[in-house]
Amino acid sequence: MNPIQTDVLIIGAGPVGLFQVFQLGLQEISAQVVDAHTEIGGQCSALYPDKFIYDIPGVPRITGQQLVDQLQTQISPFKAPFHLGQCVQSILTKEDGFAVTTDTGTHFKARSIIIAAGVGAFVHRELPLPALKPFRVNTPQSFSPQVFTHLPEDVQIKGKALTVYGANESAVTLAIKASKQAHSGTDSGSTVLVYRREKLEIEGQLLKDFEDAVSSGLLQFRIAQITSIQTNQSLLTHLILTDTKGNEDTIPCDILIESLGLSPKLGPLVDWGIEMERKALKVNPETFATSTAGIYAVGDINTYPGKRKLILSGFHEATLAAYAIAARLREKEINLLEYTSASTRIHKLLGV
Ligand SMILES: Cc1cc2nc3c(=O)[nH]c(=O)nc-3n(C[C@H](O)[C@H](O)[C@H](O)COP(=O)(O)OP(=O)(O)OC[C@H]3O[C@@H](n4cnc5c(N)ncnc54)[C@H](O)[C@@H]3O)c2cc1C
């Protein structure tokens, strides 16, 4: 497959990667964005979508998700393509740029790269049970997938034995919804929420809905760990649950949802041959260039004297990196400062 050609490939669609699209756009440089997570927004949308941020200049308060939504609107004139749900695995330096490959097999040919990888690639936490691996989606030796991180739309659950493992809002919401679907009509399935502790991370109306679903018998709640599985050739058939006292129980299982939230993994980045210091990429704070010519790093992933891991700092870094990349790609220094409030060139670009 031919690689996707781009001037700049931005690795990471957190707030800083998003603002990077805007700053490159002002320099009339096209960019494509890759993120391991299926949603844009990095930590803001994955870890604290509803919390207020109070230190964005000129914005007294804004939630994590609102900031991401506003950034998305701000960068929309530049129509940058996003490649979500794929983690960049390798970067190879070529004569005229970089060859980049993701874990889903997408290839890019980029003249320059900006790493805005934050605290790492957001990936779904998995149960530490190796036997489940072949039943997960996207594993090379995958049988017909039966283990998911969310319920895919094309998976039929009516009449099936479905287990959700987790304690957070998504896990409980999914379990309640699935319990209603699984029991509708004449085919009676079973829905079980399993978690190792009694206390779930829910409150208010959701807690009430959960209690109602359990007391009506639609949903079972088991306080246990999934310690083993039973299979019939290439089919996952049962889960072995072990409770806090060590008692084992076997329950049927056609579909397992692992709803354990997201965690960032630095992952492949450490193998890209770029100089690092304490799990961060060392950069020149004038240009945000890394030790590899043509590769820049902005936001939480970089380090330099005085570095603060703040969104505001990342926005500053993205601005200077865009100037540096413009100079590099055009092979001449163009440090002409243009105000967005006054420049007719910029107004044309923004369509205002
Ligand atoms: C609870 C909490 C509250 C916070 N409150 C504030 C606050 O009030 N003010 C403030 O300024 N800051 C705050 N922060 C910090 C702020 O969220 C970070 O500074 C900011 O998110 C950094 O943005 P980023 O774009 O550099 O990285 P991130 O937001 O971490 O985004 C990086 C993205 O890169 C992706 N990625 C990483 N590696 C790869 C790869 N190999 N391939 C593909 N994709 C990859 C990840 O999936 C992720 O989506 C808070 C952080 C937390 C956790």
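The model is predicted: local features need pLDDT of at least 70, side-chain atom pairs count only at pLDDT 80 or more, and totals for chains, interfaces and linings use all residues. Residues are numbered from 1 along each chain as its sequence is written.

Visitor: How many residues surround the ligand, and which are the closest?

Guide: A residue is near a molecule if its C-beta atom, placed from the backbone, lies within 6 Å of it. Here 37 residues surround the ligand, and the closest are Gly12, Gly14, Gly42, Gly118 and Gly299. Among the elements that give two or more residues to this shell are α1 (15-26) and α6 (311-329).

Visitor: Which residues of α4 are buried?

Guide: A residue is buried if 20 or more other C-beta atoms lie within 10 Å of its own, exposed if 12 or fewer, and partly exposed in between, with C-beta atoms placed from the backbone. In α4 the buried residues are Ala171, Val172, Leu174, Ala175, Ile176, Ala178, Ser179 and Ala182, and what covers them includes β11 (161-165) and α5 (204-215). Across the protein, buried residues make up 35% of the 352 residues.

Visitor: What span should helix α4 have?

Guide: The expected span of a helix is 1.5 Å times one less than its number of residues. The 14 residues of α4 (residues 169-182) should therefore span 20 Å, and the end C-alpha atoms are 20 Å apart, which agrees.

Key. Helices (H or I, at least four residues) and strands (E, at least two) are DSSP runs, numbered from the N terminus. Two residues are in contact if their C-beta atoms, placed from the backbone, lie within 7 Å.
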